[in-house]
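Here's a quick tour of a ligand site and a sheet. Have a look at the model first, then read on.

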Amino acid sequence: MEKNWWHGKVAYQIYPRSFKDSNGDGIGDLKGIISKLDYLSDLGIDIVWLSPIYPSPFVDNGYDISDYRNIASVFGTLDDFKELLSKARERNISIILDLVVNHCSSEHELFKKALQDPSGEEGSYFYFEKGRDGHEPDNLRSYFGGSVWEKVPGHDDLYYLHYFAKEQPDFNWTNPRLREKVYDMVNFWLGMGVAGFRIDAIMNLVKDPSFPGLPPDDTDGRCACNKMTNALLGKTIPLLKELKAHTFDKCNALTVAEAFGVSDEVLPMLYGDEGCFSTLFDFAARQPYELLPGYYAFFKSTVNNYRDANFATQKKVQDSGFICPILENHDEPRSLSFYFEKGEQTPETAKALATAFMFLRGLPFIFQGQELGMTNTHFDSLEEFDDLLAKDEYQKCLSHGLSAERALQILNEQSRDHGRTPMLWDDSENAGFSSHRPWLKVHQDYKALNARAQASDPCSVLNAYRRLIALRKDERFARIFTYGTFEALLEHEDRIIAYKRTLEGRSLAVFANFRASEYQVPQSGAREVVYATSPRSGLVDGTLKLAPYSACVCLP
Ligand code: NOJ
């Protein structure tokens, strides 16, 4: 495998709306991010991914872009962005942007023109189709509920395609002139100095032009559009290769794909030296939830699920490239809440989970607030949620016979808003995020659970993350953690995550105990403990003992 600049680095995702507000409007912004660069640098972060910062009506919080070459005024200006790039560079932090090109916003100039003349040039950048027998062209269900087709205003029987909200029309990637426009835009940002992109919903690019639909998978007679996406995955590859050749390749950009449901046949084409992208997120632990017909079928996950899913990926990818392990992002609930029962959602569990996560092979992405051990925010009513998906799923719960109370409970487990509530900086009003009431509810525990309190507590989750990142980059071990092989250990033990990383005969092993009782590691082979999350975990007479909810990194 060829060495690349991003190998051995640690990445961090910022959700700009919720990171830090500098101008007191209750919404995070670029100057806010600039003011926290030292925090990121102290944590040991090398790469920052910013969720979309472009102008947008914010129907889907910025994943509906109305101008690809500017900055949303709520976030600042292009000059602010250039300042962010240069101040980040001073701290050896690279910035990657979110590339959302499966769809744009219905407020984008191109789409507005397309609506005026669907058979004109701009119309050919989107999908317009006539209805069939008085219905939509097919029966696919959009990711956010309802049909993927929306009637074109002023036309009786003409629809446009949107896999996400109706305000997010899908681009027609079969049109080479549209593709050219996208490549120009990507090169515009690369030319400014961004180090790469996280690439949104990219596997959805290809559509079957006959729009055949699929057998219904729920009582609404529709079928989830991701099933069509998965069926067409292979056909996406030539388009992705072209995108890469015209853009990313020219400056060795880091590209991280958001790709769900990737089959074993397609996976090798997506990443690695010859792949369409540098790497992709490991969503294996979330994949079962992608396949659910709706939140109404929600079930609780477990730490065993996290282990089994991640281990399966680790074994699969190690010969061909790197994947990005994650615990959270802006589309997911908080990991402590997702994998653990209430009483277990503690700083101890967070530190053990962080240890189990941090040394997996690949480029780890930490999501803002994860490093504090944030749990889900408690929402008292539907009105407190912001996400359009939460609102749709709530209604779906009711229509499937769940009580309003249960529907709210499920949103409190599963909603994307848990990853979007404001970052907790200190114990002042609005958690130090803003001087104004924030756009989304602040976590109930912010008085005690915040970055300032944790910075001065040597046993905090934040300080554990700092140490773990430093250990990952420690020159004695960095090559092993970066390039070493992955070997699962004790994988049939309940609530234990253990593995070994080995390079050129040198190894490090990670052991994490998520049981409520002490765990003695059978034949750990450990000679020295280089890091432990608990003073009660370590070697006793040659036996490695792990206190409840604790983890160790060991040298054999
Ligand atoms: C995936 C993004 O992560 C999510 O937040 C967004 O709603 C969809 N793609 C649509 O862009």
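In this predicted model, a polar side-chain atom of D60 sits 2.5 Å from an oxygen atom of the ligand.

| Residue | Distance from a polar side-chain atom to a ligand oxygen atom |
|---|---|
| D60 | 2.5 Å |

The ligand on its own has 300 Å² of accessible area, and the protein covers 97% of that (Shrake-Rupley method, 1.4 Å probe). The residues around the ligand, with a heavy atom within 4 Å of it, include Y63, H103, F144, F164, R198, D200 and E258.

Now for the sheet. Five strands form an open sheet in the order β13-β14-β15-β20-β17, with antiparallel pairing. Strands here are DSSP E runs of at least two residues, helices are H or I runs of at least four, and two strands pair if DSSP finds at least two bridges between them. β13 (485-489) and β17 (528-532) are the edge strands, each pairing on one side only. On average, neighbouring strands are turned by 25° against each other, direction ignored. β13 pairs with β14 (residues 496-503) over five bridges, and F486 has R501 in β14 as its bridge partner.

Helix α16 (residues 461-473) lies across β17 and β20 (550-555), at about 135° to β17. Contact means heavy atoms within 4.5 Å, and angles run from 0 to 180 degrees between N-to-C directions of axes fitted to C-alpha atoms, for helices over the stretch in contact.

Residues are numbered from 1 along each chain as its sequence is written. As the model is predicted, local features need pLDDT of at least 70 and side-chain atom pairs count only at pLDDT 80 or more, while totals for chains, interfaces and linings use all residues; side-chain values use heavy atoms, leaving out hydrogens and water.

Conventions: A polar contact is a pair of N or O atoms within 3.5 Å; within protein, one must be able to donate a hydrogen and the other to accept it, and residues adjacent in sequence count only if both atoms are side-chain atoms.
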